[in-house]
Amino acid sequence: PRAGALTMRSNPPNTEFRRFYERGDLPIAVEHSGAGNRIQWKVDIEKLDYHHYLPIFVDGLREKEEPYRFLAIQGTFDMLEHGGGKILPVIPQLIIPFKTALNTRDPAVIVVVLKVLQQLVISGDMIGEALVPYYRQLLPIFNLFKNNNVNVGDKIVYNQRKRVNLGDLIQETLELFEANGGEDAFINIKYMVPTYESCV
């Protein structure tokens, strides 16, 4: 029988993000504009309490229903962009939401999480190194999906620009982890993802 390692797991819509948003506790609203939707922040992003809000937004990354999905993804990227030094102390609180999202084994969710992790690693000093102790939580799913590339033969893939190919994204993310993770990064990645080759 098939082991079903790549089978999607249940992804109940019980995210903290949804709960807080429905209660009206998040300082955000959808701003509808001609060029596409944006998030309207009701407070200055720099003044937010990152310990409180960032884990909630990261928890919302596994949402698949609108507007929760859009708000969680865009809100996370906005906070990472403006966070600077506030992000590093919050890293330990982000691991469980990241792990929960990855464990859904839903390609659409994993793609979003990978892009957020890439942004996270480059959004401040020392963040790459701070993630190294948590590779055991994050990388098993990377290892499962690492070779999950689309083989289209000699056809042209037009959605390359959207960066939704899991195998490529995982490779990119691991390379970023290694480049920003200090001297212990490679050996720790290699332990969890044996087929990874160093890019440095």
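Nine salt bridges are counted in this structure, which is a predicted model. Side chains of opposite charge can pair when their charged atoms come close.

Take Lys-64 and Asp-106. Their salt bridge has its closest N and O atoms 2.6 Å apart. The pair joins distant parts of the chain, 42 residues apart. Lys-64 sits in the loop between helix H2 (50–59) and helix H3 (68–83), while Asp-106 sits in the loop between helix H4 (91–102) and H5. Lys-64 is partly exposed, because its relative accessibility is 48%. Asp-106 is buried, because its value is 5%.

Other bridges follow. Asp-25 pairs with Arg-23, with closest N and O atoms 2.7 Å apart. Asp-25 is partly exposed at 33% relative accessibility. Arg-69 meets Glu-66 at 3.5 Å, N to O. Arg-69 is partly exposed at 33%, and Glu-66 is partly exposed at 46%. Arg-18, Glu-63 and Glu-65 form a network of salt bridges.

Now turn to the nonpolar core. The largest one holds 58 residues, and Phe-98, Leu-120, Leu-131, Leu-139 and Phe-142 touch the most other members. Helix H5 (residues 107–122) gives the most to this core, with 10 residues. Contacts of Leu-120 include Leu-80, Ile-87, Ile-91 and Leu-94. Phe-98, Ile-127 and Leu-131 are also among the residues Leu-120 touches.

Thr-173 lies in helix H8 (residues 166–180). Thr-173 counts as buried because its relative accessible area is 0%. A polar atom of the Thr-173 side chain lies 2.6 Å from the backbone oxygen of Leu-169.

Key:
Residues are numbered from 1 along each chain as its sequence is written. This is a predicted model: local features need pLDDT of at least 70, side-chain atom pairs count only at pLDDT 80 or more; totals for chains, interfaces and linings use all residues. Side-chain values use heavy atoms; hydrogens and water are left out. Helices (H or I, at least four residues) and strands (E, at least two) are DSSP runs, numbered from the N terminus. Buried means under 20% relative accessible area, exposed over 50%, partly exposed in between (1.4 Å probe, protein chains only). A polar contact is a pair of N or O atoms within 3.5 Å; within protein, one must be able to donate a hydrogen and the other to accept it, and residues adjacent in sequence count only if both atoms are side-chain atoms. A nonpolar core is a set of buried Ala, Val, Leu, Ile, Met, Phe, Trp, Tyr and Cys residues joined through side-chain atoms within 4.5 Å. Contact means heavy atoms within 4.5 Å. A salt bridge is a side-chain nitrogen of Lys or Arg within 4 Å of a carboxyl oxygen of Asp or Glu. Lists of a residue's contacts leave out its neighbours within four places in sequence.
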